[in-house]
Amino acid sequence: MIHLVRVRWKLWLRRRRPVASFCKHCGRDVHDYRAPDDVWEKVEPRIRHGYTLCYDCFCEECGKIGEQTVWDLIDADKNEA
Ligand SMILES: [Zn+2]
């Protein structure tokens with residue numbers, strides 16, 4: 001419930017001034033991460049209010065659609081294609 005309040009508060013704030021990117025499920029500020037395109041395409045339609053999820057909520061949604069819920073951290077700069 002507190003997550004929903006936080007999301008609604010940040011959505012309200014965003015209409016008035018720029019705010020940092022935040023998770024549209026739990027309202028937490030997010031760090032960038034990359035997800036495989038095929039997995040993201042399945043998760044993205046499940047995001048309410050926008051297109052941003054924190055890593056925790058991404059893993060949670062992966063579990064709900066039968067994808068793996070544990071991902072390796074890799075150096076994104078070294079894997080730039
Ligand atoms: Zn989240």
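Two residues are in contact if their C-beta atoms, placed from the backbone, lie within 7 Å. The structure to which this is applied is a predicted model, in which local features need pLDDT of at least 70, side-chain atom pairs count only at pLDDT 80 or more, and totals for chains, interfaces and linings use all residues. Residues are numbered from 1 along each chain as its sequence is written.

The protein chain has three helices and zero strands, where helices (H or I, at least four residues) and strands (E, at least two) are DSSP runs numbered from the N terminus. The order of elements from the N terminus is therefore α-α-α. Along the principal axes, the C-alpha atoms of the protein chain fill a box of roughly 35 × 30 × 20 Å.

Of the 81 residues, 11% count as buried; a residue is buried if 20 or more other C-beta atoms lie within 10 Å of its own, exposed if 12 or fewer, and partly exposed in between, with C-beta atoms placed from the backbone. The largest nonpolar core consists of six residues, F22, C23, L53, C54, C57 and F58. Such a core is a set of buried Ala, Val, Leu, Ile, Met, Phe, Trp, Tyr and Cys residues joined through C-beta atoms within 7 Å.

One core member, C54, is in contact with C23, C26, R28 and V30, leaving aside its neighbours within four places in sequence. Across the protein chain, 38% of the contacts between residues at least 6 apart in sequence join residues at least 24 apart.

H49 is in the loop between helix 2 (37-43) and helix 3 (55-64). Although H49 is not a glycine, its phi is positive, about 70°. H49 is partly exposed, with 14 other C-beta atoms within 10 Å.
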